[in-house]
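Subject: Structure for your review

Dear colleague,

Please find below the sequence and structure that I am handing over to you. My findings follow directly after it.

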Amino acid sequence: MSLQAQIDGSNLWFAQSQLHSHNHSLQPKSLVVTDMDGKLTLASNELLNGLNQLFQTSIKQKSRVSKGSVWLSLTNNSEVIQFIDPQELKALGEDGFIIKYIDEKKSVLITGNNQKAVLYGVFHYLRLLQTVAIDKDSLNITEIPKYKVRILNHWDNLDGSVERGYAGRSIWKWDELPTKVSPRYKKYARANASIGINGTVLNNVNANPHILTTEYLKKVMVIASELRPYGIQVYLSVNFASPAVLGGLDDANPKKEEVKDWWKNKVKEIYELIPDFGGFLVKANSEGQPGPMDYGCTHADGANMLADALKPYGGIVMWRAFVYNPKGWDRAKQAYEEFLPLDEQFRDNVMIQVKNGPVDFQPREPLSPMFGAMKETQVMPELQITQEYLGFSDHLVYLGTLYQEFLQSDTYAKGKGSTVAKVTDGSIYNHPVSGIAGVANIGEDNNWCGHHFAQANWYVFGRLAWNPDADVKTIAEEWVRQTLTQKDKVVSSIVEVMMNSREATVNYMTPLGLHHLMGWDHHYGPEPWCVVEGARPDWLPTYYHKADSIGIGFDRSSTGSNAVKQYFEPLRSEFDNIATCPEEYLLWFHHVPWNHKMENGQTLWNQLCLKYQEGVDEVKKSQEVWSKMKTYIDEQQFKEVQEKIAIQLKEAIWWKDACILYFQTFSKQPFPEGVEEPVHKLEELKKLKFDLKHHN
Ligand code: GCV
């Protein structure tokens, strides 16, 4: 590894190649690969290189397992069967693996039912060596992913731009393909495989129909063949109007035979080029995209038509439920209203892809009521890794805590304990497919994600897609040890900064259930006052905070839009009652008087101001912690993160000042003790024009 690669972040979590301090005595004596037909070449190379780097040696490859070997094999090997129960092997399915210390052989076995599973096992073993103290007793591991489809959604356009992307232009070089193949494709695949991701949607859900032309499919074919060895399947976002736009048909009505035939032929063409193609992702009848409702048909009619075309090849449809109508008076309710009546109608190779919250990837939202409610249809969570509403790639925000809060939210769909994870991963409702998607934060920046710490969000998404019940603090520590340093004290300080960062961001942007206070189009800085002539009301912050002389917040209780009705009991009553509604969701569900008494005895107004201050203070703390890291972190990385934290602090203060000054015009109350005087003037802030160029 070149020094440059180490310090510029381009090696992601493969950067450090250092053992956990307890594992130095674990150096294997040999590597044995039982591999009759060359299927394990990639896995064994990965293991050998990894071990050699970690132990700074050259480990010998041998043909027979002997004391101290690491032994790599598929499960169909007669020797493996002697040591592991066949039932256990069967339960591994396609992707599961076993890492086991075999006493009789005094060796470590890594095995799985196919090459991809063995590769996952190899990455896991290397990760253990770097991140935890292991011994032979702890090496009795069976890992089976909870979700079958663990996928990144790229919002990458064919012109190389990335919608809501903050790490440079797209890594997919459409103008160079199919002849020139960027080395990043393989690196991307390897990184994803190392955290268990097994699929990628290459293009934006606001899909350009041209992705389905033969010219582009040949380019897709090349990317697919680069990613395939790492077990990454390729999927495409499709534009519902493609049969009309590309095929010259009169329209794209899903009930028409010629439209169905067009899709069938297109799917056939795709599978001829890409035999393991995964399927389609569709944004239909949402934010101006075409869809089946244009023809008086339903989401189910549209999704099923595509599902029927894909079915013979094993492909799936991921149909998005991100829909809202400018006329509806509570946007948060619409997906449920549109989709619930269609439960029972979708084919079994359709998954409905639902964002974690009912509005749109806010710093904090309650869970979407769709989770648990759609029982007959598989629902797949859509999380956002790119920080559209969380400070782009300028703010250090570890999203593990956001993901965990969401995945562990109880839907109560089948009584207590029906967490989002359990209602979507197959534990409670059993459907032939299950999946989880993350909107990628990847671009062509050297460090892939714009901010060094944003890599941790890609990492934690993958690890949670494998196991949504995993502990995100442990995952943060894994990432730090593999990426930044092995020094215990330093690791724990950095992990603490990461673990507090999301709550800090909620506090300096949208505390107590506030949401969507960002500028209406760029979604970056605070514009709670924003009014734009001609813009849809539900794009504007004023629609969401509804501040007035009485109080602030969106009344979604039974006296308001009654969005609470979409939740199962006891959530419904808990959210409905201002006295029991968790304070972090208070202004999401209620319009609350400024003098309302909060749990700690403060008035709502005081508490709101104090929360903004808390957010700012937390960023100050992280700045202080980071400044002490100088001697432990590579110079370039240290400096780049330091510069970003300085921006984050400046902007946290900007957020605090903008929001408390603006809301004060309604509350007419002074700032409470403990809140720093604003450094800005409201009228100046209102005139600030956000410059997007700064971020690309
Ligand atoms: C890809 C939000 C974003 C859009 C995005 C949309 C979606 O509205 O701002 O950029 O479009 O969500 O998820 O479809």
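This is a predicted model: local features need pLDDT of at least 70, side-chain atom pairs count only at pLDDT 80 or more; totals for chains, interfaces and linings use all residues.

Overall form

Buried residues make up 62% of the 696 residues in the chain. Along its principal axes, the C-alpha trace spans about 80 × 65 × 50 Å. The radius of gyration is 26 Å, which agrees with the value near 26 Å that a compact globule of 696 residues would have. Among the contacts with a separation of 6 or more, 72% are between residues 24 or more positions apart. The secondary structure comprises 22 helices and 16 strands.

Annotated regions

The annotation "domain: Alpha glucuronidase N-terminal" covers residues 22–125. Over residues 22–125 the chain is 37% helix and 25% strand, and the end C-alpha atoms lie 15 Å apart. The annotation "domain: Glycosyl hydrolase family 67 C-terminal" is listed for residues 449–675. Over residues 449–675 the chain is 52% helix and 2% strand, with the end C-alpha atoms 34 Å apart.

Strand S7

With strand S14 (residues 435–439) the pairing is parallel and runs over 5 bridges; here the bridge partner of Asn153 is Val439. With strand S8 (residues 199–201) the pairing is parallel over 3 bridges, and Ile151 stands opposite Gly199 in S8.

Two buried loop residues

His515 is found in the loop between helix H16 (488–509) and helix H17 (541–545). Is His515 buried or exposed? Its relative accessible area is 1%, and residues under 20% count as buried, so His515 is buried. The side chain of His515 makes a polar contact with the side chain of Arg556 at 3.2 Å. A polar atom of the His515 side chain also lies 3.0 Å from the backbone oxygen of Gly513. Leaving aside neighbours within four places in sequence, the residues in contact with His515 are Gln362, Thr510, Tyr544, Arg556, Leu587 and Trp588.

Gln362, one of those contacts of His515, is placed in the loop between strand S12 (350–355) and strand S13 (378–384). Gln362 counts as buried because its relative accessibility is 1%. Its side chain reaches the backbone nitrogen of His516 at 2.7 Å. Apart from neighbours within four places in sequence, Gln362 is in contact with Tyr389, Leu402, His515, His516 and Met518. For one of these, Tyr389, the separation from Gln362 is 27 residues in sequence and 6.0 Å in space, C-alpha to C-alpha.

Yours sincerely,
A colleague

Notes: Residues are numbered from 1 along each chain as its sequence is written. Side-chain values use heavy atoms; hydrogens and water are left out. Helices (H or I, at least four residues) and strands (E, at least two) are DSSP runs, numbered from the N terminus. Buried means under 20% relative accessible area, exposed over 50%, partly exposed in between (1.4 Å probe, protein chains only). A polar contact is a pair of N or O atoms within 3.5 Å; within protein, one must be able to donate a hydrogen and the other to accept it, and residues adjacent in sequence count only if both atoms are side-chain atoms. Contact means heavy atoms within 4.5 Å. UniProt positions are given in the numbering used here, feature names are shortened, and annotations may be inferred rather than shown by experiment. The radius of gyration is taken over C-alpha atoms; the globule rule is 2.2 Å times the number of residues to the power 0.38. Two strands pair if DSSP finds at least two bridges between them.
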